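Please read them with the structure open beside you.

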Amino acid sequence: MTEKLIETTRELNREQHIEEVAQIMSIRARGAVPMACVRTYGCQQNVADGEKIKGQLEQMGFSFTEDEEEADLILFNTCAVREHAEDRVFGNVGALKNIKHRNPSLLIAVCGCMMEQEHVAEKMKKSFPFVNLVFGTHVIHKLPELLFRTLTDGRRVFERGDDSEDKTIIEGLPIRRDGSFKAWVTVMYGCNNFCTYCIVPYVRGRERSRKPEAILEEVRSLVSAGYRDITLLGQNVNSYGKELTPAISFAELLRQLDEIEGDFQLRFMTSHPKDATRELIDTIAQSRHISHHVHLPFQSGSNRVLKAMNRSYTREKYLDLVAYAKEKIPDLSLTSDIIVGFPGETYEEFCETVSLIKEVEFTSLYTFIYSPRVGTRAAEMPDPIPYEEKSHWLRELLAVQEEIAEKRCSVMVGTVQSVLAEERSPKTGLLAGRSGGNIMVEFAGGDELIGQFCQVRVTAARIWLLNGELV
Ligand code: SAH
Ligand code: SF4
Ligand code: F3S
């Protein structure tokens with residue numbers, strides 16, 4: 001009863017805040033539609049959060065612009081995963097000082113993973129006094145209230161979630177999706193794994209899964225609205241549902257989603273090799289809608305380094321799962337993430353990563369040079385190899401992968417692929433889209449095909465791109 005009352009009061013306040021912000025912003029924009037410029041950095045999870053932020057801003061009467069000069073609100077949704085990502089944000093926020101000088105009524109907000117780190121939020125507070133609002137990943141749903149406070153308090157607002165907020169999931173937030181046929185659906189939040197290099201568990205909190213009914217309903221309504229490419233998101237989707245009552249496995253969730261009728265494909269990311277199971281592979285093999293593509297980050301090919309990373313699997317276990325998957329799904333496309341130069345990694349250990357790449361033959365790789373993150377265990381480990389040398393290693397690895405990608409693309413010549421046409425390539429004027437295995441394909445065709453699955457025979461292969469013709 002009391003809970004219900006609190007919920008109702010919250011709803012009422014929310015409605016009020018939305019209305020008040022809309023009114024104040026309309027006055028500030030002198031009767032014109034207030035404009036928001038929202039920039040999202042980082043992973044798909046952040047992109048999905050950005051769509052919820054935009055959904056709420058739209059409720060508050062905002063339209064959207066890419067031009068910072070014409071914005072009434074500029075919001076940066078940030079990523080903390082590597083130093084480079086953070087430096088870019090500091091640089092870009094710093095550059096807003098001049099715009100704010102010309103337009104003092106401009107509101108500037110910074111949110112996302114970076115702002116969940118205390119030392120970073122402090123730096124934002126001290127060094128960027130023209131930033132009006134700072135909030136973390138756990139309080140996105142409070143945006144109407146936070147904007148209301150920013151607009152009426154006359155003070156800067158800083159808000160990060162408390163313990164209860166980093167454990168709850170708020171359903172029903174409005175979503176303004178960036179695309180009209182590709183959609184992201186977050187199935188779980190947070191991460192429990194604490195890989196020793198990674199900041200994500202510190203800024204995203206513990207794992208919590210959405211109820212399967214909520215996910216099924218969202219995917220059903222996306223399919224009936226014409227969405228064709230739906231990607232399920234979580235930092236470690238294979239531990240989905242473990243803490244729900246009744247518990248449900250990710251493979252079971254996939255089976256239920258696969259029953260939905262319609263012309264769509266399902267993807268998911270990210271799978272952690274320690275939790276990816278043969279059951280998952282069997283589910284993909286037997287499904288109607290799940291694309292034959294698995295993103296399975298292995299990070300390092302050396303067992304010693306994997307242990308130091310706290311990844312909880314071995315090279316052998318990884319290769320065993322890959323062999324099983326290739327046997328069950330012969331046209332499987334595998335992609336992965338790799339870290340080069342983890343603290344203490346030797347050249348010999350790095351070579352084990354290269355040999356794993358050669359053995360698996362990934363379609364493509366996301367490669368990163370290790371970047372120390374304050375507060376993580378790896379940041380305390382001795383790291384004697386200079387960055388310059390790590391860059392050499394990375395270049396060596398990329399050269400190997402380029403050959404593999406070329407080979408993988410060339411064996412596709414002559415095959416027919418189902419390609420979701422996404423856009424017209426500005427360079428070639430051809431239709432461009434991705435195959436089920438996530439390889440870019442270009443082919444001639446009319447605009448009416450954009451957003452449709454097309455059957456395309458591959459006629460030529462370049463390194464990361466296929467050319468084809470409609471069949
Ligand atoms: N949950 C996903 C990864 C999320 S972060 C998973 O476990 O695979 C995306 C990628 O960034 C990671 O896979 C890793 O390769 C890279 N990464 C994370 N922290 C990093 C760091 N401190 N330095 C360099 N790369 C990092
Ligand atoms: Fe980071 Fe590891 Fe969690 Fe992925 S599984 S988000 S790499 S801690
Ligand atoms: Fe970056 Fe946060 Fe994603 S740190 S990678 S945006 S979860």
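How many bridges join strand 7 to strand 10, and do the two run parallel or antiparallel? The points below begin with the answer, after a word on conventions.

This is a predicted model, in which local features need pLDDT of at least 70 and side-chain atom pairs count only at pLDDT 80 or more, while totals for chains, interfaces and linings use all residues. Residues are numbered from 1 along each chain as its sequence is written, chains are lettered from A and ligands numbered from 1 in the order in which they are written, and side-chain values use heavy atoms, with hydrogens and water left out.

1. Strand 7 (residues 182-186) is joined to strand 10 by 5 bridges, and the two run parallel; strands here are DSSP runs of E with at least two residues, helices are runs of H or I with at least four, and both are numbered from the N terminus. Two strands are taken to pair if DSSP finds at least two bridges between them. Within strand 10, L232 is the bridge partner of V185.

2. Strand 11 (residues 265-269) is likewise parallel to strand 10, with 5 bridges between them, and here L232 stands opposite F268. Together with helix 9 (residues 250-258), strands 10 and 11 form a right-handed β-α-β unit, meaning that, with the strands pointing away from the viewer, the path from the first strand over the helix to the second runs clockwise.

3. In strand 10 (residues 229-233), 5 of 5 residues are buried, that is, under 20% relative accessible area with a 1.4 Å probe and protein chains only. The cover extends to both faces, with D229, T231 and L233 on one side and I230 and L232 on the other.

4. Around ligand 1 there are 15 residues, of which Y197, Q235, Q299, D337 and S371 come nearest; a residue is included if one of its heavy atoms lies within 4 Å. Among the polar contacts (pairs of N or O atoms within 3.5 Å), a backbone N or O atom of Y197 lies 3.0 Å from a ligand nitrogen atom, an N or O atom in the side chain of Q299 is 2.7 Å from a ligand oxygen atom, and a backbone N or O atom of S371 lies 2.8 Å from a ligand nitrogen atom. The protein covers 91% of the 540 Å² of accessible area that ligand 1 has on its own, by the Shrake-Rupley method with a 1.4 Å probe.

5. The residues around ligand 2 include C191, C195, C198, H272 and R311, and also Y197 and Q235.

How values were computed
Buried < 20%, exposed > 50% of the residue type's maximum accessible area, 1.4 Å probe, protein only. Polar contact = N/O pair within 3.5 Å; in protein donor to acceptor, adjacent residues only side chain to side chain.
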